[in-house]
Amino acid sequence: MGDPRGFLKITERQTANRRPIEVRIKDWKEVYEPTDPGVLKNQAGRCMDCGIAFCHHGCPLGNLIPEWNDLTWRQDGRGAIERLHATNNFPEFTGKLCPAPCESSCVLGINQPAVTIKEIEASIIEQAFDRGWVQAHAPERMTGKTVAVVGSGPAGLAAAQQLTRAGHTVAVYERDEQIGGLLRYGIPDFKMEKFHIDRRLEQMEAEGTRFRTGITIGKDITWDDLFRRYEAVLIATGAPKPRNLDIPGRELEGIHFAMPYLTQANKVVSGASLENQVVAAGKKVVILGGGDTGADCLGTATRQGALSVTTLAIGNQPPAERRADQPWPTFPTLFEVASAHEEFGERKYLANTVRFVGENGKVTGIEIAETDFVDGRRVPKPGTEKLIEADLVLLALGFTGPDGLIQVNENSVALDDRTNLARDEKYSTNVDGLFVAGDAGRGASLIVWAIAEGRAAAAAIDEYLEGSTSLPSPVKPTDTGIHA
Ligand SMILES: Cc1cc2nc3c(=O)[nH]c(=O)nc-3n(C[C@H](O)[C@H](O)[C@H](O)COP(=O)(O)OP(=O)(O)OC[C@H]3O[C@@H](n4cnc5c(N)ncnc54)[C@H](O)[C@@H]3O)c2cc1C
Ligand code: SF4
């Protein structure tokens with residue numbers, strides 16, 4: 001523990017500044033400015049090293065938070081990145097994008113604002129990249145075993161790095177043109193610029209991981225062929241199937257799922273020129289769905305020059321403070337003001353979408369009504385209907401699971417009761433040698449869970465191939481973290 005009285009001397013939580021709104025909405029660069037090293041040291045010094053570190057359990061990766069808080073306070077950046085990399089392959093992704101369940105379970109958070117754990121994590125890895133401390137760790141000995149990883153999101157990448165370092169020959173297959181999954185094509189640059197992915201891929205390539213892009217397994221190469229070529233296969237294909245809203249008027253032009261819209265925007269920001277890109281410029285935009293994806297659509301539409309943006313959520317507005325039934329140290333549902341909400345637009349809660357209306361085949365508005373709760377169902381309250389104008393509607397209503405059936409040796413990979421790919425305690429599907437990790441098995445979740453599952457599935461595969469493993473296994477497929 002760095003400063004035994006740190007939490008008594010510094011009671012204020014100081015977080016990174018967001019760039020001024022009028023400046024940041026004119027570009028796509030990250031919203032947050034780097035935090036001053038002095039502020040970081042003070043914030044790290046607030047960690048009480050409380051003995052039973054609930055933050056460590058709150059983090060699905062089991063990050064050694066008190067240890068690297070202490071090392072940050074002592075300004076031992078090398079020691080801090082060594083302890084951080086011990087449990088997290090990609091702290092730059094989580095340090096920028098994690099909703100930080102660790103902070104919800106920080107013991108200081110019982111009667112003071114929690115330690116700024118996520119920002120300390122981000123600063124440790126930034127300093128490490130700046131100072132050249134992130135080096136390739138090629139394996140000392142090759143096992144001669146081969147593994148294919150299908151999907152290059154955080155789950156696939158974490159598994160591939162662990163398995164490569166364990167000495168296996170690993171190839172990552174990705175259907176998109178570039179590696180990264182939702183990190184590259186879902187999450188906009190204003191949350192995390194793409195160079196963070198690229199510099200990590202350089203390290204992975206130097207370690208020996210092979211990347212094969214533009215190949216869809218199941219189409220360009222059959223699952224059977226892949227399975228014949230490799231001794232083990234990991235499915236890390238995500239849960240991209242979007243939830244639809246099948247109401248009158250759905251067929252009208254101008255109504256799009258969020259992901260194709262965000263993918264196009266991300267490609268264009270990265271320099272691609274696309275024909276028929278859906279853009280929000282000059283449009284009245286309505287986003288259905290109040291989660292992360294909706295906020296990313298909002299920030300994108302703002303930067304594209306939308307005339308107005310209204311976000312509709314069917315449920316109640318979450319509270320600003322913990323509810324009594326979500327006490328510390330659980331990860332509570334709170335009203336969040338993401339940077340995109342601060343910039344532009346209006347948010348409406350308890351808004352039930354009744355039908356889309358249009359003219360000449362194009363959407364012109366949405367009829368909404370107040371949400372009523374009948375027998376636990378959310379239904380439109382008769383007599384409260386009203387029309388809001390819209391010429392671009394984005395559906396950000398969540399995801400229902402992985403794409404299509406996977407056939408191997410004439411067997412379909414079994415699904416669980418939530419239509420995700422079923423797996424046992426060792427991340428194995430019903431087909432021997434075929435494993436699943438990340439959103440494909442868990443359902444749409446978070447980056448921190450994808451990395452944790454990628455690491456755990458790598459340990460299971462290593463054990464399957466070698467009979468034993470020394471790779472860490474931070475989570476079980478059934479773990480859900482500290483929830484109320
Ligand atoms: C818009 C958006 C914003 C988000 N923001 C956040 C955030 O801020 N913080 C956070 O923690 N989480 C966020 N999430 C969730 C997070 O991105 C996911 O939980 C995480 O990326 C899942 O990782 P994954 O590796 O399982 O899958 P993915 O990242 O979805 O990657 C799967 C990859 O598999 C590839 N693939 C699929 N099928 C095949 C095939 N047959 N052959 C070859 N390749 C294939 C896909 O092209 C894709 O690249 C967000 C999600 C979305 C949609
Ligand atoms: S990965 Fe997320 S939960 Fe874990 S320490 Fe970082 S911010 Fe906290």
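# Close-up views of a predicted model

View 1. At 70% relative accessibility, Asn 276 counts as exposed (buried means under 20% relative accessible area, exposed over 50%, and partly exposed in between, with a 1.4 Å probe and protein chains only). Welcome to the model, which is predicted: local features need pLDDT of at least 70, side-chain atom pairs count only at pLDDT 80 or more, and totals for chains, interfaces and linings use all residues. To find your way, note that residues are numbered from 1 along each chain as its sequence is written, that chains are lettered from A and ligands numbered from 1 in the order in which they are written, and that side-chain values use heavy atoms, with hydrogens and water left out. Asn 276 sits in the loop between α14 (258-269) and β7 (helices, H or I with at least four residues, and strands, E with at least two, are DSSP runs numbered from the N terminus). The phi angle of Asn 276 is near 55°, a positive value in a residue other than glycine.

**View 2. A leucine with positive phi.** Look now at the loop between β9 (346-348) and β10 (351-359), where you will find Leu 350. Its phi is near 50°, a positive value in a residue other than glycine. Leu 350 counts as partly exposed, with 29% relative accessibility.

**View 3. A cis peptide bond.** From Trp 328 to Pro 329 the peptide bond is cis, and its omega is near 5°. Pro 329 belongs to the loop that lies between β8 (308-312) and α16 (339-343).

**View 4. Ligand 1 and its shell.** There are 34 residues around ligand 1, and those that come nearest are Leu 97, Glu 174, Lys 191, Ile 217 and Asp 439 (a residue is near a molecule or strand if one of its heavy atoms lies within 4 Å of it). By class, this shell holds 16 nonpolar, 11 polar and 7 charged residues (Ala, Val, Leu, Ile, Met, Phe, Trp, Tyr, Cys and Pro count as nonpolar, Asp, Glu, Lys and Arg as charged, and the others, Gly among them, as polar).

**View 5. Polar atoms beside ligand 1.** A side-chain N or O atom of Glu 174 is 2.6 Å from an oxygen atom of ligand 1. A backbone N or O atom of Pro 154 lies 3.3 Å from an oxygen atom of the ligand. At Ile 217, a polar backbone atom is 2.9 Å from a nitrogen atom of ligand 1. On its own, ligand 1 has 1,000 Å² of accessible area, and the protein covers 94% of that (accessible areas come from the Shrake-Rupley method with a 1.4 Å probe; for residues, only the protein chains shown count as cover). The elements giving two or more residues to the shell around ligand 1 are α10 (154-165), β2 (169-174), α15 (292-304) and α18 (447-466). The largest share, 3 residues, comes from α15.

**View 6. Strand β2 and its partners.** Here β2 is largely enclosed by the rest of the structure, because 5 of its 6 residues are buried. Strand β1 (residues 146-150) runs parallel to β2, and 5 bridges join the two (two strands pair if DSSP finds at least two bridges between them). In this pairing, Val 147 has Val 170 of β2 as its bridge partner. Strand β3 (residues 210-213) also pairs with β2 in the parallel sense, over 4 bridges. There, Val 172 stands opposite Phe 211 in β3.

**View 7. Strand β14 and its two neighbours.** From strand β14 (residues 392-395), Leu 392 and Leu 394 point one way, while Val 393 and Leu 395 point the other way, and all are buried. Strand β6 (residues 255-257) pairs with β14 in the parallel sense over 3 bridges, and the bridge partner of Phe 257 in β14 is Leu 395. Strand β7 (residues 284-288) pairs with β14 in the parallel sense over 4 bridges, with Leu 288 standing opposite Leu 395.

**View 8. Ligand 2 and its surroundings.** The residues that surround ligand 2 are Cys 59, Asn 63, Ile 65, Thr 94, Cys 98, Ala 100, Pro 101, Cys 102, Ile 117, Lys 118, Glu 121 and Val 448. Two or more residues of this shell come from each of α8 (101-104) and α9 (117-130). Helix α9 gives the most, with 3 residues. Sorted by class, the shell around ligand 2 has 8 nonpolar, 2 polar and 2 charged residues.

**View 9. A buried glutamate.** Glu 92 lies in helix α7 (residues 91-97). With a relative accessible area of 1%, Glu 92 is buried. The C-alpha atoms of Glu 92 and Lys 118 are separated by 9.9 Å, and the two residues are 26 residues apart along the chain.

How values were computed:
Polar contact = N/O pair within 3.5 Å; in protein donor to acceptor, adjacent residues only side chain to side chain.
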